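The report that follows is meant for someone meeting this structure for the first time.

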2 protein chains.
Amino acid sequence: MREIGIDALDDMARGAGILGTGGGGDPYVGKLLAREAIRRHGPVTVYDIDEVPADATVVPVSSMGAPTVLLEKLPGGTEELTALRALEAVLGRQATHIVPIEVGGVNSMIPIAAAAQAGLPLVDGDAMGRAFPEAQMVLPTLIGVRNTPMAVADDKGNTLVLDAVSNHWAERIARAACVQMGCQVSCADTVLRGDQLRDGLVPATLTLAEELGRAVRVARAEHADPVAAAVAVLGGVTLFSGKVVDVERRTTGGFARGRARLEGTGTLELDFQNEHLLARRDGAIVATTPDLICVLDTDSGEPVTTEAMRYGLRVTVVGAPCDPRWTTPAGLELAGPRYFGYDCDYLPLTAA
Amino acid sequence: MREIGIDALDDMARGAGILGTGGGGDPYVGKLLAREAIRRHGPVTVYDIDEVPADATVVPVSSMGAPTVLLEKLPGGTEELTALRALEAVLGRQATHIVPIEVGGVNSMIPIAAAAQAGLPLVDGDAMGRAFPEAQMVLPTLIGVRNTPMAVADDKGNTLVLDAVSNHWAERIARAACVQMGCQVSCADTVLRGDQLRDGLVPATLTLAEELGRAVRVARAEHADPVAAAVAVLGGVTLFSGKVVDVERRTTGGFARGRARLEGTGTLELDFQNEHLLARRDGAIVATTPDLICVLDTDSGEPVTTEAMRYGLRVTVVGAPCDPRWTTPAGLELAGPRYFGYDCDYLPLTAA
């Protein structure tokens, strides 16, 4: 058990930005919400997975939408709590703990804000160990945990509670509603009992995000290589360094989709749907989902989200291994390259 | 108080088809559901508006979607009850009466089936006095009654409960979910107290539908003019007789939209979004929403829905005055031609 105070947020948000693999939404906005909530309600208590009682009601609280929209349409800061309360009403019981559904991007920070507001402790872990674009792409799906009832709340005051026959159906219906609600909504869903956390979460990922962010900051302060520091913490490999020469981006179906092209020694192409899904070096695939494909500013080591990617940026692309449960057949069916329509198998990372 | 048995359904469905003004979904499918429900559970008791206690909980139960889809994707027959139960769960009380949200089309029959299944009485009336394409286009909106909580259920077992900040927002979000759910779902929404029925409903429209259907049938049996019989019951005017020469039809955004062209003495063009919205004779507008623009088979007097409209059909177009509350400024703002994007005012009907 420890506490997250305002001081931890900068490092944690930086690390979460890297773990967001280009997507997950810029954690900057979430950091502001978390900072304000902690300022108002005090630090948030964080428990390790092992410290959570078996009968706990652990509720992931998150933001759904296109990161491109989050840039312009900021959350009001109360929608998460509205979604949580709507979910509790249909559950007939109250949440005992909050947990991030994904550690990558804004959804590392939103649960901190929600936990502070609700006066609830947080669990150190998340249901992905990264960010993924769709709601069913969580470890709980792999162990048969439903993501409904799912509560969705928007900034205008609209809420809905969904009960779906599968986690895919919940994603499909919630996404369509999300688009109408302004492409940026808050969700509470995929409720876990305390005794499901070991199988349903990647442990200690908030701590990992903070370590990652700290390593980059410290390396920069010490005039060391911040990208190398990130690679070391991630246990990853450097895939490419170069300059962004082209970005094609469109917000469709509730997602930010597109492709970026980098030039350096050869070229690297990155395909994304919110998150980076595939990296091709000189036409050959070098990394695929569900591994993490992270883009960092070469000089500063700061994460570069897909919506911030622009011509001229000098970036380094880093591959990092995902949680091993994602590379099982069931994991790949849920979030592997073929799910996203690519005619290729998952390719384990190798050093460039 | 009276009972609706299987014998009443044919006439009532025919009349409801006419009152559906081209949309509302072919009542044939609903008639089969109502017939089966009555066969299984017995006749449905129907109360006049005046007979309903002031504290009654009157729940409209309906089908939402595109009539073109209803043709191919039949309701399972249990979704209405699922929606009703989901609504009751959030209301925290049970429905005492069922009522049609619209008398036009399939939604005259769906509530009969639901009432039989639920063992509840029906109220003789509806919230439109016709059919309209969107969920907020009901008299309850004009008196400040919310259409949420709204429960939506599909054939697959997905349900959602919506709480929206306005009746327009509920339509917008539910429609998007409806499209994902297969463009044909069941809804329970716009709950009325017994003492709101006088202002929130058009009275006795199930009886009107039955009379209208009977008048057409009797005229046909007596070799009289069935269209004239319908016009008499409707208090309407004959706008045009001719042959369908062109139909443009597309199912977009959860609606069946399009235009039909008729030739006779001159031409008549009909624009529709599920329902007929505008009739232009030789280029000049002769009838607009919210008045009823009904298309009848010239020989048989049977209603012709927009999805059944096809080249060569000989039809007569009848205009009938809507409930006077629709032609108030607030009514026209909700369902007048300008709402649908036409740059014209409502034009009261005149004899052709």
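## The interface between the two domains of chain A

In this predicted model, domain 1 of chain A and domain 2 of chain A bury about 2800 Å² between them, and carbon and sulfur atoms give 66% of that area. The domain assignment places domain 1 at residues 2-203 and domain 2 at residues 225-335 of chain A, and the contact between these domains takes 42 residues from domain 1 and 33 residues from domain 2. The C-alpha centres of the two domains of chain A lie 23 Å apart.

Which residues form the one salt bridge found across this interface? The partners are A:Glu302 and A:Arg14, whose closest N and O atoms are 2.7 Å apart. Between the two domains of chain A there are also 13 residue pairs in polar contact, counting pairs with both residues at pLDDT 80 or more. On the side of domain 1 of chain A that touches domain 2, the elements giving two or more residues include helix 1 (6-19), helix 7 (167-180) and strand 11 (202-203) of chain A. By class, the residues of that side of domain 1 of chain A are 20 nonpolar, 14 polar and eight charged.

## How the two chains are related

Chain B can be superposed on chain A with an RMSD of 0.0 Å, by a turn of 180° together with a shift of 0.0 Å along the axis. The two copies are therefore related as by a two-fold rotation axis. Both copies use the same surface, since 100% of the contact residues of chain B recur in chain A.

## The interface between chain B and chain A

The contact between the chains involves 17 residues of chain B and 17 residues of chain A. Together, chain B and chain A bury about 1600 Å², with 58% of this area on carbon and sulfur atoms. Three residues, B:Asn158, B:Ile173 and B:Gln180, supply 32% of the area that chain B buries against chain A, which is more than any other three residues.

How many salt bridges are counted between chain B and chain A? The count is zero, whereas seven residue pairs are in polar contact across this interface, with both residues of each pair at pLDDT 80 or more. Strand 8 (159-163) and helix 7 (167-180) of chain B each supply at least two residues of the side that touches chain A, and helix 7 of chain B gives the most, with six residues. The side of chain B that touches chain A is made up of ten nonpolar, four polar and three charged residues.

## Local details along the chains

Over all chains, the count comes to 52 salt bridges. One of them joins A:Asp10 and A:Lys31, with the closest N and O atoms 2.8 Å apart. This pair links distant parts of the chain, 21 residues apart, with A:Asp10 in helix 1 of chain A and A:Lys31 in helix 2 (residues 27-41) of chain A.

The peptide bond from A:Thr289 to A:Pro290 is cis, with omega near 10°, and A:Pro290 lies in the loop between strand 16 (284-288) and strand 17 (292-297) of chain A. In chain B, the peptide bond from B:Thr148 to B:Pro149 is cis, with omega near 0°, and B:Pro149 is found in the loop between helix 6 (139-142) and strand 7 (150-153) of chain B. B:Cys183, a residue other than glycine, has a positive phi near 65°, and B:Cys183 is located in the loop between helix 7 and strand 9 (184-188) of chain B.

Notes: Residues are numbered from 1 along each chain as its sequence is written. Chains are lettered from A and ligands numbered from 1 in the order in which they are written. This is a predicted model: local features need pLDDT of at least 70, side-chain atom pairs count only at pLDDT 80 or more; totals for chains, interfaces and linings use all residues. Side-chain values use heavy atoms; hydrogens and water are left out. Domain bounds come from an automatic or database domain assignment. Contact means heavy atoms within 4.5 Å. Buried area is the accessible area (1.4 Å probe) that two parts lose on being put together, summed over both. A salt bridge is a side-chain nitrogen of Lys or Arg within 4 Å of a carboxyl oxygen of Asp or Glu. A polar contact is a pair of N or O atoms within 3.5 Å; within protein, one must be able to donate a hydrogen and the other to accept it, and residues adjacent in sequence count only if both atoms are side-chain atoms. Helices (H or I, at least four residues) and strands (E, at least two) are DSSP runs, numbered from the N terminus. Ala, Val, Leu, Ile, Met, Phe, Trp, Tyr, Cys and Pro count as nonpolar, Asp, Glu, Lys and Arg as charged, and the others, Gly among them, as polar. Copies are superposed by least squares on the C-alpha atoms of residues with pLDDT of at least 70 in both.
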